[in-house]
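Me: I've got a model open and I'd like to learn how to read it. Could you walk me through a few features?

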Amino acid sequence: MSEKYLFGNWKMYLNYEKSLALAQTVASRSSEFSGVVLGLFPSAVAFTDVTKILQQSDLVTGAQNAHWVEEGGYTGEVSMAMYRELGARYVLIGHSERRHLFHETNHEVRQKVEAALAVGLTPVICVGETEKEHAENQTALVIETQIKSAFHNIVWPEGRGLIVAYEPVWAIGSGQACDPIEVEKIHELIKKQLATLLPNKPVILYGGSVKADNVGAYINNPTIDGVLVGGGSANIDSLVAIASAMAQ
Ligand code: PGA
């Protein structure tokens, strides 16, 4: 079986102290998670020290969000270049909480993708439909539009990873995970669309209420390359249980 991705998005769940404690424990147990590409996305305040802790293991970090301009008068923002300097490997772009709570647009998502590539980060582009769009059978249209604009006029560097996470908004933090068969259909659709845009082979993840007891149904599906986990990654027992369930 090929490697499977487990990305843990800690959102704003953990303060500095809790972030370091979780990073230390998971790093010390990393040899138990063979076959799992384990990436953690800490808050900006814990980012530097969590990254340093993980550097002693196979684990890597990514930023939860970053601005596309390299430096300047952007109060409160952190740039892609700044995260790269601290050792970030990945950056989440267009997470639904950014799109819906902070009104991030498809155009901004595209700007961030371009900036991430320019500084050497691998973007993890998040797409997904709302509950209303899902109920109105708009899922395919929404995803196609999000993908089309995220990749508009983007030249992907050869050899750079291309990661898309399908995260239905209604499945995030709700305990109501999307059925793996439904995820499979959307993943096929994303793969087909990406093939028309770029030569790079994509990694496609699922996210939304993934826990230790349902992760197997996703990772055993060949169309699903791994999972992006929020709440379930911000607690040591749950994170270790998910990573152990994925280990080969
Ligand atoms: P959840 O969040 O696992 O808490 O549903 C997933 C995400 O937002 O990436």
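Me: Let's begin with E188: how exposed is E188?

Reply: This is a predicted model, so treat what follows as computed. E188 has a relative accessible area of 38%, so E188 is partly exposed. You'll find E188 in helix α8, residues 180–197.

Me: How far apart are E188 and T223, in sequence and in space?

Reply: In sequence, 35 residues separate them, yet their C-alpha atoms are 7.1 Å apart in space.

Me: What about Q146, buried or exposed?

Reply: Use the cut-off again: under 20% counts as buried. Q146 has 8% relative accessibility, so Q146 is buried. Q146 is part of helix α7, residues 139–150. Its side chain reaches the backbone nitrogen of G128 at 2.9 Å.

Me: Now strands. Which way do the residues of β4 point?

Reply: Follow the side chains along the strand. In β4, residues 90–93, Y90 and L92 point one way while V91 and I93 point the other way. All four of these are buried.

Me: Which strands pair with β4, and in what sense?

Reply: Look at the bridges. Strand β3, residues 60–63, is joined to β4 by two bridges, and the two run parallel. Within that pairing, G62 stands opposite Y90. To get from β3 to β4 the chain passes through helix α3, residues 80–85, and this β-α-β crossover is right-handed. β4 also pairs with β5, residues 122–127, in the parallel sense over four bridges.

Me: On to the ligand. Which residues come nearest to the ligand?

Reply: There are 13 residues around the ligand, and K11, H95, E167, G173 and S209 come nearest. Sorted by type, the shell has four nonpolar, seven polar and two charged residues.

Me: How much of the ligand does the protein bury?

Reply: Taken alone, the ligand exposes 280 Å², and the protein buries 98% of that.

Notes:
Residues numbered from 1 in each chain as written. Predicted model: local features only at pLDDT ≥ 70, side-chain atom pairs only at ≥ 80, totals over all residues. Heavy atoms only, no water. Buried < 20%, exposed > 50% of the residue type's maximum accessible area, 1.4 Å probe, protein only. Pairing = 2+ DSSP bridges. Right-handed = clockwise from strand over helix to strand, strands pointing away. Near = heavy atom within 4 Å. Areas by Shrake-Rupley, 256 points an atom, 1.4 Å probe, with all protein chains shown as cover. Nonpolar A, V, L, I, M, F, W, Y, C, P; charged D, E, K, R; others polar. Polar contact = N/O pair within 3.5 Å; in protein donor to acceptor, adjacent residues only side chain to side chain.
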